[in-house]
Amino acid sequence: MADLSNLYRQIIMDHYKNPRNKGLTNDLSYVKCHIKNPSCGDAIDIESKVIDGKVVDVRQDGVGCSICCASASIMSETVIGLSVEDATNLIENYLKMVSNDETYDHTVDFGELGVFEGIKDFPARVRCASIASKAFLNTLKKEN
C-alpha cells in the first residue's frame, strides 16, 4: 500500500511541477469559467472547446496547492478527446468519488484522476481536488 501511495504522490507532484495544458488561449471559440475558493486561496480558470459534441481542447491556469493544480492538469488531459456525454459522466462520478459519495459508478475508469480517490479521507482537501472539475463542468453547461 505504501508503494501505491508513493506512486500517487509522484503523479501528483509531476503534474504540479510540469502542468499539462497550462495557459489560457483567450480564444472566443473556447468557453471559460473561473472559480475561486476564498477560504484557501485556490483559484482556477478553465477554458474548453467542444466541436461536434467532442471535447477537443481544455486549457487550465490557476494558483493553489499541489492538489488543486495537479487535479486541473490531470483532468484536462483526461477529458480531451471524450464526447461531452462521456466527459460529463466521468467528471460527475469523479466529484462523487472524491467527496465520499458511494453512489458513484465504481466501473468508471478514472485514469490518472484515480490518484485522488484517497482525498475523501481528508474532507478539507476535497475542494482542492474538485475545483477544476467543477469549473470544467460549468464550461460544458455554458456550451449548450
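**Notebook: helix packing and a hairpin**

I started with helix α3 (residues 84-98) and helix α4 (residues 126-143), whose axes come within 10 Å and cross at roughly 155°. This is a predicted model, so I'm reading everything below as such. Angles over 145 degrees count as roughly antiparallel, and α3 and α4 are therefore roughly antiparallel to each other. I noted the handedness too: α3 and α4 cross left-handed.

On the α3 side I got Val84, Ala87, Thr88, Ile91, Glu92, Tyr94, Leu95 and Val98, and they meet Val126, Ala129, Ser130, Ser133, Lys134, Phe136, Leu137 and Leu140 in α4. Sorted by class, that α3–α4 contact comes out as 11 nonpolar, 3 polar and 2 charged residues.

Then I turned to α2. Helix α2 (residues 66-79) packs on α4 at about 40°, with the axes 7 Å apart. That angle makes α2 oblique to α4. I logged this crossing of α2 and α4 as right-handed. From α2, I listed Ile67, Cys68, Ser71, Ala72, Met75 and Val79; their partners in α4 are Cys128, Ala129, Ile131, Ala132, Ser133 and Phe136. I counted 10 nonpolar and 2 polar residues in the α2–α4 contact, with no charged ones.

Last stop, the strands. I found β1 (residues 31-36) and β2 (residues 43-51) running antiparallel, joined by 6 bridges. I checked what cysteine 33 faces, and isoleucine 46 in β2 stands opposite. The β1–β2 hairpin has 6 residues between its strands, and I flagged glycine 41 there for a positive phi near 95°.

Key:
Residues numbered from 1 in each chain as written. Predicted model: local features only at pLDDT ≥ 70, side-chain atom pairs only at ≥ 80, totals over all residues. Heavy atoms only, no water. Pairing = 2+ DSSP bridges. Helix = DSSP H or I, 4+ residues; strand = E, 2+ residues; numbered from the N terminus. Axes fitted to C-alpha atoms, helices over the stretch in contact; angles between N-to-C directions. Parallel < 35°, antiparallel > 145°, perpendicular 65-115°, else oblique. Left-handed = near helix turned anticlockwise from the far one by under 90°. Contact = heavy atoms within 4.5 Å. Nonpolar A, V, L, I, M, F, W, Y, C, P; charged D, E, K, R; others polar.
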